[in-house]
Amino acid sequence: MPLENSSLNIINLMMTKEEAENFIYKCLVDNESKKDPKEKLTRLDICDILHTDFEIPKSTAYRYYKDSFNLYKWEQAKPDPSQKIKDNKDTILASVLDEAESLLAEGKSAEYFKGIELYSKLLTRFKKV
């Protein structure tokens, strides 16, 4: 009795480009926690896993590695989001205060008081967040 393809229980390990890049990125992140350099996966190790286990051509595996490594480096270079938010709040507050002070210098006291009121409201709101 001939075997049909559907009756075989062959596991076909295939990866899409996105899955491969996610795998590489995860390997790079996992390398951060490893103290011993011998435990870390090298570029060659990762590309060999993709080529051997998932049948991705070597040149393609290296290209995926390069893309993932660039993304990884970019993510690592990003500033702390909470610091960026604080800097933006400080910039907004400084801008409002400068505008209010310039209105006072021009002799527009009513607008100055509106500016100071806005500054006070923003300062209170930013402290709550």
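**Helix packing and side-chain pairs**

Reply: H2 and H3 pack at an angle of about 130°, and their axes are 9 Å apart. Axes here are lines fitted to C-alpha atoms, for helices over the stretch in contact, and angles run from 0 to 180 degrees between N-to-C directions. Helices (H or I, at least four residues) and strands (E, at least two) are DSSP runs, numbered from the N terminus. This is a predicted model, in which local features need pLDDT of at least 70 and side-chain atom pairs count only at pLDDT 80 or more, while totals for chains, interfaces and linings use all residues. Residues are numbered from 1 along each chain as its sequence is written, and side-chain values use heavy atoms, with hydrogens and water left out.

Me: Why is H2 called oblique to H3?

Reply: Two packed helices are described by the angle between their axes and the distance between the axes. Angles under 35 degrees count as roughly parallel, over 145 as roughly antiparallel, 65 to 115 as roughly perpendicular and the rest as oblique. H2 and H3 pack at about 130°, which makes H2 oblique to H3.

Me: What is the handedness of the crossing of H2 and H3, and which residues meet there?

Reply: The crossing of H2 and H3 is right-handed. A crossing is left-handed if the near helix is turned anticlockwise from the far one by less than a right angle, and right-handed if clockwise. From H2, the residues Arg43, Leu44, Ile46, Cys47, Asp48, Leu50 and His51 meet Lys58, Ala61, Tyr62 and Tyr65 of H3, where contact means heavy atoms within 4.5 Å. By class, this contact of H2 with H3 has 7 nonpolar, 1 polar and 3 charged residues. In that division Ala, Val, Leu, Ile, Met, Phe, Trp, Tyr, Cys and Pro count as nonpolar, Asp, Glu, Lys and Arg as charged, and the others, Gly among them, as polar.

Me: How do the axes of H1 and H3 cross?

Reply: The axes of helix H1 (residues 17-33) and helix H3 (residues 58-77) come within 9 Å and cross at roughly 50°. H1 and H3 are therefore oblique to each other, and their crossing is right-handed. On the H1 side the contact includes Lys17, Ala20, Glu21 and Ile24, and on the H3 side it includes Ala61, Tyr64, Tyr65 and Asp67. The residues of the contact of H1 with H3 comprise 11 nonpolar, 2 polar and 5 charged.

Me: Which residues bring H1 and H2 into contact?

Reply: Ala20, Phe23, Ile24 and Cys27 in H1 meet Ile46, Ile49 and Leu50 in H2. The contact of H1 with H2 has 7 nonpolar residues, no polar and no charged ones. H1 and H2 pack at an angle of about 150°, with their axes 11 Å apart, and H1 passes H2 in a right-handed crossing.

Me: How many salt bridges does a search of the whole structure find?

Reply: Side chains of opposite charge can pair when their charged atoms come close. A salt bridge is a side-chain nitrogen of Lys or Arg within 4 Å of a carboxyl oxygen of Asp or Glu. The search of the whole structure finds 5 salt bridges. One of them joins Lys58 and Asp48 (2.5 Å, N to O). This pair links distant parts of the chain, with Lys58 in helix H3 and Asp48 in helix H2 (residues 43-54), 10 residues apart.

Me: Where do Lys17 and Glu21 lie relative to one another in helix H1?

Reply: Being 4 residues apart in helix H1, Lys17 and Glu21 are separated by about one helical turn. Their side chains meet in a salt bridge (3.9 Å, N to O). Lys108 and Glu106 also form a salt bridge (3.4 Å, N to O).

Me: Is Ala100 buried or exposed?

Reply: Buried means under 20% relative accessible area, exposed over 50%, partly exposed in between (1.4 Å probe, protein chains only). Ala100 has 1% relative accessibility, so Ala100 counts as buried. Ala100 is placed in helix H4 (residues 81-105). Leaving aside neighbours within four places in sequence, Ala100 is in contact with Tyr112, Gly115 and Ile116. Leu104 is also found in helix H4, but Leu104 is partly exposed, with a relative accessible area of 44%.
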